Amino acid sequence: MPRKSYGALLVGLAALAGVGATGAAADRSDRLDRFRELAASRLGLAQVLGAEPSTDAYREIYEVLDDEIVESLASGGPFASLDFLQDRLDAFAEVWGGATLRLVRAGGLFVGAFVLDERSAANSVRVYGGLAAEGPALLTALYREGRPTVYVLPGARDGGALVVAWEGAPSGRGTRPLRVDLLRRDGDGVRVAWSTAELFADGLLARSWSVRGSDVRMRYAVRYPGWAPGCDGQTEQEDVYRVAPAAAVVRVARQEHDAWHRDLHAAVGRLVSALAARDETALTALVPDRALRTQLPSTLRPEPACDAREGAGGDAVSVAAAAGRQPWVLTFRRVGARWRLTGASRVLQ
């Protein structure tokens, strides 16, 4: 049976059986109309004006979805099934084309990953389940930027461990903002037990990521002196974090890609410091050519620009620099594991 007709058929069968579903069906129709009205008047108008919808607008829309899910869970039977609930959410998503409403089951919990607007900071992960004395309810709601995807970790009892990946818009350079949260059951609710936001204070720009079993793998840009947004061939790291049965999340592997770029700019930094201090010992190690050393001004500083690799092996790299308003090009060559300055020239303006 097509999923699209599943929810409507269940309501119809319940009404024919006389179980009082007619009123419930009317409530569901009213909610769908209310959702359509709110989406058009609040989200649609804001998009036309290029503005962010108000907090109240999002709150009202999420309340409609919460009521729909909680009422269905309270009805029990097939109305509390994942198929029925997803069918209902699909109906809401159809009346507002900008919405993506996905639901997964994690033990006794239902976890929704809701996107109302790709650009919004009010996209939400919402956790529904039973309260000891009150029955089904919304237990926890998280709001973040990005598109959330929920992963139920294997072996976790009663939805006790969930990974949520919040994926931002692509940068056009093969990376995108990413935040990964680990959620764990905490009494009647769910709490964030671990997050990449704690590890990457300046944010995480991921090239790729995956969740397989209890392992979270992420390849991401590393920020260091000399790193510039949008440039190719810069140092990246690929980490694997393993979610343990207890609260711990442990990094079990790390691989570096293009580590040469970070090493190169570490040499650039040492050169700049040695020039400023007129440290001849350090300068001799970095610039073996004495005539070249004498040409370098003490005010030389690297510029925030992409480097240019030269030669078949890419062992020579040109780095943009400046001394005051005078631009320079510095050419470094890798000798074994070390970088040495082998050329420097002023750029004609």
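**View 1. The largest pocket has a volume of about 370 Å³.** Welcome to this predicted model, in which local features need pLDDT of at least 70, side-chain atom pairs count only at pLDDT 80 or more, and totals for chains, interfaces and linings use all residues. Residues are numbered from 1 along each chain as its sequence is written, and side-chain values use heavy atoms, with hydrogens and water left out. A pocket here is an open set of points on a 1 Å grid over the protein atoms alone, where a 1.4 Å probe fits and protein lies on both sides within 12 Å along at least five of seven lines; lining residues have an atom within 4 Å of a point. The volume is the space filled by probe spheres set on the points, with grid points joined across faces, edges and corners. The largest pocket is lined by 21 residues, and Glu145, Trp166, Pro177, Leu178 and Arg179 are the closest to its centre. Strand E6 (161–167) and strand E7 (176–186) are the elements that give two or more residues to this lining, and E7 gives the most, with three. Strands (E, at least two residues) and helices (H or I, at least four) are DSSP runs, numbered from the N terminus. The lining divides into nine nonpolar, five polar and seven charged residues. In this scheme Ala, Val, Leu, Ile, Met, Phe, Trp, Tyr, Cys and Pro are nonpolar, Asp, Glu, Lys and Arg are charged, and the others, Gly among them, are polar.

**View 2. The second largest pocket holds about 210 Å³ of space.** Look for Thr175, Arg207, Cys231, Gln234 and Glu236, which are the closest to its centre among the 16 lining residues. Strand E9 (205–212) and strand E10 (215–221) each supply at least two residues of the lining. By class, this lining has six nonpolar, four polar and six charged residues.

**View 3. Trp194 and Tyr241 form a tilted aromatic pair.** The whole structure has seven aromatic pairs. Rings of Phe, Tyr and Trp (its six-membered ring) pair if their centres lie within 6.5 Å; planes under 30 degrees apart count as stacked, over 60 as edge-to-face and the rest as tilted. For Trp194 and Tyr241, the values are 5.5 Å centre to centre and 45° between the planes. The pair links distant parts of the chain, with Trp194 in strand E8 (residues 189–195) and Tyr241 in strand E11 (residues 236–243), 47 residues apart.

View 4. Phe200 is in the loop between E8 and E9, and Tyr220 is in strand E10, 20 residues apart. Phe200 counts as buried because its relative accessible area is 17%, and Tyr220 is buried at 2%.

**View 5. Met218 is found in strand E10.** Met218 is buried, with a relative accessible area of 0%. Beyond its neighbours within four places in sequence, Met218 has contacts (heavy atoms within 4.5 Å) that include Leu178, Val180, Trp209 and Tyr241. Met218 and Tyr241 are 23 residues apart in sequence and 8.5 Å apart in space, C-alpha to C-alpha.

**View 6. The charged end of Arg309 sits over the ring of Trp260.** The distance to the ring centre is 4.2 Å. A charge sits over a ring if NZ of Lys or CZ of Arg is within 6 Å of the ring centre and within 35 degrees of the ring normal.

Methods. Buried < 20%, exposed > 50% of the residue type's maximum accessible area, 1.4 Å probe, protein only.
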